[in-house]
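Subject: Structure for your files

Hello,

Here is the structure I said I would pass on. My notes on its contacts follow below it.

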Amino acid sequence: MTDTYLNLVNSGVTKKLAQQLGLPQPAPLRRYRAGTPLVDGPVLVLGRGKDADALAAVLAGPAGGAPGSTVLDGWDLDVHRHASPDTRYAAVVVVLTDVEHPDQLAGPVLATAGVLRGLARGGRVVTVSREATPDDAPALAAARQGVDGLLRSLAKELRGGATGNGVVLREGVPVTAPSTLGAVRFFLSARSAFVDGQLLTVDSDAGALPASWDRPLEGRVAVVTGAARGIGASIAATLARDGATVVAVDVPAAGEQLAAVANRVHGTALQLDVTAQDAGARILAHALQRHGRLDVVVHNAGITRDKLLANMTPDKWDSVLAVNIASQLRINEALLTSGDFADEPRIVSLASTSGIAGNRGQTNYAASKGGVIGMVRATAPLLVPFGGTANAVAPGFIETEMTARIPALTRQVARRLNSLQQGGQPVDVAEAVAFLASPAAGGIVGRTLRVCGQNMVGQ
Amino acid sequence: MAPSPRKPPTPTAPTTRRALVLGGNRIPFARAGGAYAHASNQDMLTAALDGLVARYGLQGERIGEVAAGAVLKHSRDFNLTRESVLGSALSPTTPAYDVQQACATGLESVVGLANKIRLGQLESGIAGGVDTTSDAPIAVSDRLRRTLLDLSRAKTVGQRVAVAARLRPKDLAPAAPRTDEPRTGLSMGEHQALTTAQWGITREAQDELALASHQRLAAAWDAGFFDDLVTPFRGQTRDGNLRADTSLEKLAKLRPAFGLGLDTPATMTAGNSTPLTDGASTVLLGSDEWAAAHDLTPLAVVVDAEAAAVDFVHGVDGLLMAPVFAVPRLLARNGLTLDDLDYVEIHEAFASTVLTTLAAWESDQFGKERLGLDGAFGTVDRARLNVHGSSLAAGHPFAATGGRIVATVSKELHRRKQAEGRPVRALVSVCAAGGLGLTAILEAA
C-alpha cells in the first residue's frame with residue numbers, strides 16, 4: 001500500500017512546505033537486502049567494562065575467524081570506542097551492563113547525546129543492559145530499570161528513520177551469548193526497520209550463531225499458516241530467503257493465492273483449515289513426508305470480526321478465538337507430543353499491539369492476541385529441553401489489504417501515531433519472525449517483540 | 001467369469017516396470033458461462049499445472065513429459081500443452097504434447113505417459129486435460145472461409161470482384177462449435193436417448209443415480225477430501241454444478257431435454273445429464289525411483305488399459321457403449337472379474353450411460369451374443385460405483401474428466417490400502433464421442 005503522505009514530505013516543494021509547517025516528516029526506512037552492509041558507516045561502542053570490550057571485539061573482529069579458533073567470528077565493522085568529532089555514526093551501541101547506581105548512567109548516556117545530532121539517516125541506537133529483578137539492591141534495580149525509560153524516550157526523539165532498541169540480559173547471560181549477539185545484530189541491521197523503542201530480553205545462553213548471517217535458516221523446514229497473502233506471504237518469502245524450505249498453509253478457499261506463494265518461494269502448498277482437529281498431525285505428516293523434518297512453525301493465520309462488546313455475537317467471538325488462539329494451542333500440543341519436533345524447534349506466533357494495549361471494538365481479537373502472548377510464555381519452557389523456544393511478534397499498524405480498508409482519514413492518523421510516523425510493511429513483521437525462528441534466538445524464551453515503530457499505545 | 005472364445009494373449013512383458021500415480025490437481029469445475037467465462041483453455045490448464053507444482057514442490061523441475069489436450073480448441077492453440085507449461089512454474093525445458101481423443105483425452109494422456117514410464121522412456125510425467133465451452137472457438141462459415149482464401153489468391157481486381165460477388169449474407173453468420181456427431185447429425189444427448197430407450201432405463205433410476213452423485217460429491221467436499229486434489233481458481237472454490245441440496249422431488253420436476261421425438265417416454269433431463277462445463281485437471285505420474293527421489297508417496301499403479309469403439313452409425317450399439325466391450329477384454333487380460341474391483345468409476349456422461357452400461361453387463365443375452373461369454377458379464381456393486389460422485393455432480397469439462405477421475409480414485413485407493421493393508425483395485429471407464437471408449441485398471445501402490 002502506498003503512503004502518499006510519506007512520498008510527498010520527502011520530495012520537492014512539498015518537503016519544504018512540510019518542514020516550514022512543522023508537519024510530521026516520516027523518513028523512508030532502510031530495509032534489508034542480501035549482500036548489503038550490516039550498517040552504513042562507523043559504529044560507536046560506548047561503555048567501559050569488560051562487556052563493552054567483548055562486544056566491541058566481536059563487532060570489529062575480522063569476518064570468518066580462523067577455523068578452530070575460540071575467538072568469535074567478527075562482523076568486520078568500523079568500530080570506535082570514543083566519539084570522534086564530526087563523525088557521522090551509523091550506530092551507537094551503549095553497553096550498560098555494569099551500571100550499579102543511577103549516577104553511573106550519566107557518563108555513557110551523555111556520550112551518546114553528543115553524537116545523536118550527527119547520527120546517520122536510518123541510524124541505530126542499541127542499549128545492552130541487565131534485567132532489574134526484585135532481588136537486586138535498590139540502587140542496582142533503579143539503575144537497570146532506568147535504562148528502560150531512557151531507551152523508550154530516546155527512541156521517541158530519533159528522526160530520519162533512526163531507531164532505538166535495547167537488549168536486556170538476564171543474570172548470568174554473557175554479552176557474547178548467541179542470542180545477545182543475534183539481538184544486537186538484528187537491531188543494528190535493516191531487518192529491524194520498523195522495530196523501535198523495544199527492549200528484548202535474552203533469557204539464556206542457549207541457541208547458536210548461524211553459519212551464515214545471510215542464510216541463518218539453511219536446512220530448516222518451516223511451516224507458515226495464513227500464508228496466502230499479506231503478512232503471511234511475506235513471512236514465507238522471508239524465511240525462504242533466509243534459507244528455509246517453506247510449507248505454506250492456508251484454508252482451501254485461499255488455494256489459488258497459496259499456490260502462487262508456494263511457487264514463488266519454491267516450497268509446498270498445504271490447503272488446510274488450522275481449526276481442524278487434526279491440523280497439527282496433518283502439518284507434521286506433510287512436513288516429514290515431503291521435507292524430512294519440521295523445525296519452525298509460524299502461527300500467522302488470524303481473522304478479525306470487530307464489534308463493540310455490547311454488540312458481540314457468539315459466532316463473532318467464537319470464530320476469532322478458534323482461529324487466532326485455540327488452533328495454535330491444539331497444533332502446538334500435537335507437535336510437542338509427537339517427538340518429531342525436537343531438534344532446536346522454534347514456534348513464532350503472531351500477536352498484536354491490540355493484545356497489549358487493547359483496541360475499541362476488538363475485545364475478541366485482543367483476547368485472542370493477549371492469549372498468544374501468554375501462550376508463548378508458557379510454551380517456550382516446554383521446548384527449552386530440546387534447544388527450542390517459542391516467541392511472539394506483535395505488529396502495530398502494518399500496510400496490508402486489511403488496513404487499506406480502514407477509512408482514509410482514520411488510516412492517515414493511525415499511520416502517524418508512532419515514532420517513525422508511518423505504517424510498517426509486511427516484510428518488517430516477517431523479518432522479526434525470521435529472527436525469532438533463527439538459531440541465534442534460542443536464548444529468547446517466551447517473549448513478545450513488538451514491530452510497531454514504537455506505537456504510542458501500550459508498553 | 002466364463003472363458004472368452006479365444007484365449008487372451010499373455011499380458012505384460014516382463015521387462016516393464018511400475019508406472020505410478022503420485023497425485024493430482026484440478027481447478028474446481030464451473031458451469032459454462034460462470035466463473036471461468038473469460039478464462040481460456042491455456043489459462044485453466046496453466047492454473048491446474050501451477051496448483052500441482054505448488055502442492056508437490058515441483059518449481060523449476062524438468063518433468064519428463066506433459067501430455068494434455070482439449071476437445072474444443074482454438075486453432076491458435078495448436079501447442080496448447082507446451083504453451084501452458086511455458087506459462088507455469090515448471091522448468092521451461094519440460095517437453096509437452098497435445099492429445100485429443102474426445103472425452104477420453106484425459107485418460108488417454110494418463111495411459112500414454114504411464115506406458116512410457118513403464119518402458120523406461122520417462123521417469124515422470126504430467127497428464128492433463130482442459131475444456132471450456134465458455135471460450136469456445138467460433139469459426140466462419142465454410143463458404144466465407146473458402147471465399148477469403150480464394151481472395152488471397154486472386155491476382156487482379158477483376159478476379160477479386162468475381163470472388164467477392166460469390167458471398168451471400170448468410171455466409172457471414174458465424175459457425176458455433178458443435179459437438180454433434182458428424183456422421184449422424186445427432187447430438188450426444190439424442191444418441192444416448194436412443195440407447196436409453198433401447199435398454200428401457202427409467203426416469204426414476206436415472207434421477208436416483210444423479211442424486212447419489214450430488215450427495216456423494218457434496219459429502220467428499222464437506223469431509224475435506226478434495227483439499228489436496230483441487231486448487232481454487234478465479235474465486236471458484238467448489239464445483240459450480242454441485243447441488244448438495246437436490247432431491248428426488250426436485251429432479252423429478254425437471255422437463256425432459258432429450259429423446260422428445262421418440263416413441264418411448266422421454267426420460268433424460270438437465271438433472272440426469274451433465275451440463276456444459278469449464279475446467280482443467282492434471283495427474284502427476286512417475287516411476288518408483290523418481291517418486292522416492294522426490295519424497296512423493298505413490299498412490300496407485302496404472303496397471304493396464306483398453307480402448308474400444310462401436311459402430312454406432314450402422315450397428316445396434318449406442319454411441320456411448322464402447323466401454324461395455326472394452327472392460328470385459330481388459331479384465332480378462334488381467335485375470336480379473338467385476339467382483340475383484342473395489343471401486344468402479346464409470347464417467348457419468350448421462351445417468352443413463354452408466355445405467356445402460358450396467359444393464360448390458362447384467363444381460364445374459366448380451367453377454368452371450370455380443371461379448372462371447374457364457375452368460376452375463378457381471379454386476380457392479382452400487383456401493384463401489386462412483387463413490388465420491390462423478391460428472392453429473394462435478395460437471396464434465398470434456399478433456400478434464402479423465403484426470404479428475406484418476407486423481408480422485410487414486411487417492412481413495414491409497415487411503416483404502418492404508419486402512420486395510422490388502423491389494424485394492426479400481427476400474428476407470430470413460431465413454432467418448434465417435435463411439436469411443438477408454439478403460440483402465442488402477443491398483444493401490
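How many residues does the contact take from chain A and from chain B? In this predicted model, chain A puts in 16 residues and chain B puts in 17 residues.

On the side of chain A that touches chain B, three elements of chain A supply at least two residues each: helix 8 (255-264), strand 9 (268-271) and helix 9 (279-291). Helix 8 of chain A gives the most to that side, with 5 residues. By residue class, the side of chain A that touches chain B has 8 polar, 6 nonpolar and 2 charged residues.

There is also a contact inside chain A. The chain is divided into domain 1, covering 30-202, and domain 2, covering 221-451. Taken over C-alpha atoms, the centres of these two domains of chain A are 29 Å apart. Their contact takes 24 residues from domain 1 of chain A and 19 residues from domain 2 of chain A.

For the side of domain 1 of chain A that touches domain 2 of chain A, at least two residues come from each of helix 5 (138-157), helix 6 (178-188) and strand 6 (199-202) of chain A. Helix 6 of chain A gives the most here, with 5 residues. The residues on this side of domain 1 of chain A divide into 13 nonpolar, 7 polar and 4 charged.

The counts above are numbers of residues in contact. The size of an interface is often given instead as the accessible area lost when the parts come together.

Regards

Note on methods: Residues numbered from 1 in each chain as written. Chains lettered and ligands numbered in written order. Predicted model: local features only at pLDDT ≥ 70, side-chain atom pairs only at ≥ 80, totals over all residues. Domains from an automatic or database assignment. Contact = placed C-beta atoms within 7 Å. Helix = DSSP H or I, 4+ residues; strand = E, 2+ residues; numbered from the N terminus. Nonpolar A, V, L, I, M, F, W, Y, C, P; charged D, E, K, R; others polar.
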